[in-house]
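Please examine the sequence and the structure shown below before reading on. The paragraphs that follow lead from the overall arrangement to individual residues.

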Amino acid sequence: MGGSALAALIEIERLTKRFAGFTAVDDISFSVERGEVLGFLGPNGAGKSTTMRMLAGFMPPSAGTARICGADVVDQPVAAKRNLGFLPEGAPTYPEMTVAGFLAFTGRIRGFRGSELADRTAHAMALTQLEGVRLQPIETLSKGYKRRVGLAQALLHDPPVLVLDEPTDGLDPNQKHEVRELIRRMAPEKAIVISTHILEEVGAVCTRAIIIARGKLVVDAPPSVLEEQGSSLDDVFRRLTLGQEAA
Amino acid sequence: MRAALTVARRELAGYFATPVASVFIVIFLVLAGALTFTLGNFFGRGQADLIPFFSFVPWLFLFLVPALTMRLWAEERRQGTIELLLTLPLPQWAAVLGKFLAAWAFCGIALALTFPLWITVNLLGSPDNGVILSGYVGCLLVAGAYLALGAAVSALTRNQVIAFVLAVALCFLFAAAGSPVVTEFLNSRLPVLAEIARGLSVADRFGGFTRGIIAARDIIYFASFIGFFLFMNAVVLDHRKAD
């Protein structure tokens, strides 16, 4: 497990989450290696966020397991989280804090102090173009800025694993482009999982796409292979996720 | 521990960045002052001590502390920040302890701001300042006990009204357990329970502190009370954090 540079940074094995009455995530397995950008696709309620929450160690799985850099998210939660940058759904932040204060808080929790903390915070703000609003309370910012604050928090410690739940939601086209560029630039060094509704994004940044529907994994293939199967990604997505109803 | 202190620092700054701090402190000071001078008959008693003040503090905390704790976890859930906080690399107990320490420090600040009362008795007479200090220690411990209980309750529900009402009810249970009404009632039916009720009573333990007695068993009582409910808080949080 883990250790060698060649081992997958994210390993998900038979991950299952059952809520009262239904199974949100049903026996999903996959792994992500360094250099891969995995696009996580699926209709609303398919289980994308639930899978990411389990991977981030927020929600305990009902069955199965997930490992980040070899550390089990249930048995060694702190070790797993140290190697993870996570942007939760909706990019939650503390509204009364300033951008710089909030980033310094997450940096301090991650063990950075003094000049290193200042450098990391400044670097994260530079990556996400937040310098202009660094002393503004987060509640006064627009949706796009808030999303970037969440993103900056995930990048602050330069983690080998990034799990981003809808990183470009609420951004304008220029900001979307910037974030995609940023992901592409970081890709060779990291294992990245992004969930998205926007199919063009998969073609633009992902090296691999997974589609889940009703908690089950239905496709795991590079975007180019998916596109060959239909006239467009949209078609393929519709066919695969609506498949069972049409049949 | 460092992570817990980082969480505590953020939380405490959060109180002062929102109106929570000013409203809580002003109401606490106004009520504490008013009760001490009117119902407590501070001047009329002709005694240089803070007994009238200390006798009201636990009852004020009974309502004000749950108002502080009801939002502790509910607010994190509402804003979704619980998902952020608990996916940062810190053990869960550190998050629980950090939030508790911040709220406790905040209560300490509110208590410290009653210092004009202390100045007043010292100007008017020569009180035993050791007894006064021990009374303040007692107040702080009562606040800690109520805070730990309230925080555990707030982890249980996302609804702040339910968290408040439940916390007040439970705090009241521990406050009133040693009162004559309860113990005499129990004494006449089940004398064993009367002893237990007196043993669990926050008010009884607090009484010792206001008389200037800091007993080891009272300290142990408050420490285990706080420890138990912080542990409950962590357990409940683990089971319900994603609800």
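Predicted model: local features only at pLDDT ≥ 70, side-chain atom pairs only at ≥ 80, totals over all residues.

**Domains, sheet and chain contacts**

The centres of domain 1 of chain A and domain 2 of chain A, taken over C-alpha atoms, are separated by 26 Å. Domain bounds here come from an automatic or database domain assignment. In chain A that assignment gives domain 1 as 1-83 + 161-174 + 188-247 and domain 2 as 94-158. Seven residues from domain 1 of chain A and five residues from domain 2 of chain A take part in the contact between them, where two residues are in contact if their C-beta atoms, placed from the backbone, lie within 7 Å. The side of domain 1 of chain A that touches domain 2 of chain A has four nonpolar, one polar and two charged residues. In this classification, Ala, Val, Leu, Ile, Met, Phe, Trp, Tyr, Cys and Pro count as nonpolar, Asp, Glu, Lys and Arg as charged, and the others, Gly among them, as polar.

Residues are numbered from 1 along each chain as its sequence is written, and chains are lettered from A and ligands numbered from 1 in the order in which they are written.

Chain A may now be considered as a whole. Nine helices and 10 strands are found in chain A; helices (H or I, at least four residues) and strands (E, at least two) are DSSP runs, numbered from the N terminus. The C-alpha atoms of chain A fill a box of roughly 60 × 40 × 40 Å along the principal axes. The radius of gyration of chain A is 18 Å, which agrees with the value near 18 Å that a compact globule of 247 residues would have. This radius is taken over C-alpha atoms, and the globule rule is 2.2 Å times the number of residues to the power 0.38. Of the 247 residues of chain A, 47% count as buried. A residue is buried if 20 or more other C-beta atoms lie within 10 Å of its own, exposed if 12 or fewer, and partly exposed in between, with C-beta atoms placed from the backbone. Among the contacts in chain A with a separation of 6 or more, 66% are between residues 24 or more positions apart.

The next subject is the sheet. Six strands of chain A form an open sheet with mixed pairing, in the order E6-E7-E8-E3-E9-E10; two strands pair if DSSP finds at least two bridges between them. Strand E6 (84-87) and strand E10 (216-221) of chain A are the edge strands, each pairing on one side only. From one strand to the next, the twist averages 15 degrees. Within the sheet, strand E3 (residues 37-41) and strand E8 (residues 191-195) of chain A run parallel and are joined by four bridges. A:Leu38 has A:Val193 as its bridge partner in E8(A). Helix H5 (residues 143-155) of chain A packs on the sheet, where H5 touches E6 and strand E7 (161-165) of chain A, and the direction of H5 makes about 170 degrees with that of E6(A). For such angles, axes are lines fitted to C-alpha atoms, for helices over the stretch in contact, and angles run from 0 to 180 degrees between N-to-C directions.

Other strands pair as well. Strand E1 (residues 10-19) and strand E4 (residues 63-68) of chain A run antiparallel and are joined by five bridges, and A:Ile12 stands opposite A:Ala66 in E4(A). E4(A) is also joined by two bridges to strand E5 (residues 71-72) of chain A, again antiparallel. In the hairpin of E4(A) and E5(A), two residues lie between the strands, and A:Cys69 takes a positive phi near 50 degrees.

Which value does phi of A:Arg214 take? It is near 50 degrees, a positive value in a residue other than glycine. A:Arg214 is found in the loop between strand E9 (208-213) and E10 of chain A, and is partly exposed because 17 other C-beta atoms lie within 10 Å.

Finally, 21 residues of chain A are in contact with 19 residues of chain B. On the side of chain A that touches chain B, the elements that give two or more residues are helix H2 (77-82) and helix H3 (99-109) of chain A. The largest share of that side, four residues, comes from H3(A).
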